[in-house]
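Colleague: I've just opened this one and I'd like to learn how to read it. Could you walk me through it, one feature at a time?

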Amino acid sequence: MRKQFKIAIIEAELKHQPLAAAANKHLCSDRRLSEHNITQFITERKNPTPEQAAALARVLGCSVSELFHPEGAS
């Protein structure tokens, strides 16, 4: 489990759907995220693209490396 990612979401007081919606403002249409994607990233069943990781980090006010291990952001 990606603990730091989940902790950042909790500290930001965001639920998965609003987080996805906020990140989508920084992504092109073919990289859009859903509530389900956020869950998949937390549980490591799926890895975000570099663009998705950057958008999530921007919304959460963290760096990509704080949220995802280098191998988890590709």
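Colleague: Let's begin with the surface. What does the accessible surface of the protein come to, and what share belongs to carbon and sulfur atoms?

Modeller: Keep in mind that this is a predicted model. The accessible surface is about 4500 Å², and carbon and sulfur atoms hold 50% of it. As for the inside, buried residues make up 38% of the 74 residues.

Colleague: How many helices and strands are there?

Modeller: There are 5 helices and 0 strands. Read from the N terminus, the order is α-α-α-α-α.

Colleague: What radius of gyration would a compact globule with 74 residues have, and what does the protein have?

Modeller: A compact globule with 74 residues would come out near 11 Å, and the protein has 11 Å, which agrees. Along the principal axes, the C-alpha atoms fill a box of roughly 25 × 25 × 20 Å.

Colleague: Which residues have the most contacts inside the largest nonpolar core?

Modeller: In soluble globular proteins, nonpolar side chains tend to be buried together. Here the largest nonpolar core has 18 residues, and Phe5, Leu33, Ile38 and Leu56 have the most contacts inside it. Two or more residues of this core come from each of α1, α2, α3 and α4, with α4 giving the largest share, 5 residues.

Colleague: How many aromatic pairs does a search of the whole structure find?

Modeller: It finds 1 aromatic pair. Phe5 and Phe68 form it, 4.9 Å centre to centre with 45° between the planes, and that counts as tilted. Phe5 is in helix α1 while Phe68 is in the segment after α5 (64-67), so the pair ties together parts 63 residues apart in sequence.

Colleague: Are Phe5 and Phe68 buried or exposed?

Modeller: Both Phe5 and Phe68 are buried.

Colleague: Last topic, the backbone. Where is Glu13, and what is its phi?

Modeller: Most residues other than glycine have a negative phi, and most peptide bonds are trans. Glu13 has a positive phi, near 55°. You'll find Glu13 in the loop between α1 and α2, where its relative accessible area of 73% makes it exposed.

Colleague: And what about the phi of Glu44?

Modeller: Glu44 has a positive value too, near 65°. Its place is the loop between α3 and α4, and at 41% relative accessibility Glu44 counts as partly exposed.

Definitions and conventions: Residues are numbered from 1 along each chain as its sequence is written. This is a predicted model: local features need pLDDT of at least 70, side-chain atom pairs count only at pLDDT 80 or more; totals for chains, interfaces and linings use all residues. Side-chain values use heavy atoms; hydrogens and water are left out. A nonpolar core is a set of buried Ala, Val, Leu, Ile, Met, Phe, Trp, Tyr and Cys residues joined through side-chain atoms within 4.5 Å. Buried means under 20% relative accessible area, exposed over 50%, partly exposed in between (1.4 Å probe, protein chains only). Helices (H or I, at least four residues) and strands (E, at least two) are DSSP runs, numbered from the N terminus. The radius of gyration is taken over C-alpha atoms; the globule rule is 2.2 Å times the number of residues to the power 0.38. Accessible areas come from the Shrake-Rupley method with a 1.4 Å probe; for residues, only the protein chains shown count as cover. Rings of Phe, Tyr and Trp (its six-membered ring) pair if their centres lie within 6.5 Å; planes under 30 degrees apart count as stacked, over 60 as edge-to-face and the rest as tilted.
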